[in-house]
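Dear colleague,

I am handing over the structure below, and my notes on what was found in it follow. Please read them alongside the coordinates.

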Amino acid sequence: MVDRVATWIRAAERVVVLTGAGISAESGVPVFRGAGGLWRQFRPEDLATPQAFARDPSLVWEWYLWRRELIAAAQPNEGHRALARLAARRAGVTLLTQNVDGLHRRAGSEAPIELHGNLWRVRCTSNCGYAALDDEGGPPRSQLRCTCGAWLRPAVVWFGEPLDPTTLDAASVAAEAADVLLVVGTSAVVYPVAALPHMARRRHARVVEINVDETPLSSEADVVLRGPAGELLPALERAL
Ligand code: BJW
């Protein structure tokens, strides 16, 4: 199966990779759903909605600062690195990620399209326009309020919030033009991102899922590579 996917990639003009939390699992960053997932321990309604932040910004920040610490201590794994090398050695590779952890960039991927934002960025909740990128792994953020007096918030996309339209457009254009779409380590249940593989497939892309478990996408994918991304992506790279 890996050889078959490698043949498609070699023949492809445009390869798009869509990643989710599963690609960072082997770096020790918890996924959201399933065994050991964050949503088994915490309720998304309490931590990942604009209503939760309006109700208790300190609690939400506490959760994000804890996750920042965990991610700062983690290292990109062989899956992140294989994708960075794939883009470096051939043209026409676009990386889309739902992850907010910044590990693709740390592995050497130059311009991943971060569909759900980045947990190292902050922006002001008022309309003063302040936004900043914190130092990954730097000292914990002590200033949680903007100079205008309003709360700063993590620049991530919470449930019920729209994705940045320019970012989503860029991802949709890439998915629709893809010859091969690799969907790596995502449960494929969170919309609108979960629609991208279906959009790609309706055009003409071969859709390849890389995941340790079955997802709603599995039955629609042209090929499913069942196993850890940190092993399968380097294996795919070797087969190219
Ligand atoms: C491995 C592995 C290994 C493990 N190797 N694989 C019905 C009801 C209610 C709401 C909705 C509804 N239908 C649609 C919605 C909307 C909602 C939604 O989709 N909900 C569904 C869950 C039902 N979507 C939204 O609200 C979005 N916004 C929106 O729709 O706006 C519309 C709008 C328009 C105009 C005005 C206003 C609104 C926004 C969604 C934002 C999601 N945010 C989060 C948090 C980000 C910030 C943060 O990190 O704190 O994004 S939630 C969380 O889920 C995070 C992830 O990016 C996202 C996807 O998760 P992912 O990456 O797939 O991870 P997991 O854990 O789910 O899966 C991991 C996978 O890896 C598993 O399959 C494992 O098997 C696998 N795996 N180890 C390979 N080693």
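Which residue of strand 8 is the bridge partner of Val-184? The partner is Ile-210. This is a predicted model, in which local features need pLDDT of at least 70 and side-chain atom pairs count only at pLDDT 80 or more, while totals for chains, interfaces and linings use all residues. Residues are numbered from 1 along each chain as its sequence is written, and side-chain values use heavy atoms, with hydrogens and water left out.

Strand 7 (residues 180-184) and strand 8 (residues 206-211) run parallel and are joined by five bridges; strands are DSSP runs of E with at least two residues, helices runs of H or I with at least four, both numbered from the N terminus, and two strands pair if DSSP finds at least two bridges between them. Both strands belong to an open sheet of six, ordered 3-2-1-7-8-9 with parallel pairing. Strand 3 and strand 9 (223-226) stand at the edges, each with a single partner strand, so one side of each lacks a neighbour in the sheet.

Turning to the helices, the axes of helix 1 (residues 2-11) and helix 11 (residues 229-239) come within 9 Å and cross at roughly 60 degrees, the axes being lines fitted to C-alpha atoms over the stretch in contact, with angles running from 0 to 180 degrees between N-to-C directions. That makes helix 1 oblique to helix 11, a class left over once angles under 35 degrees count as roughly parallel, over 145 as roughly antiparallel and 65 to 115 as roughly perpendicular.
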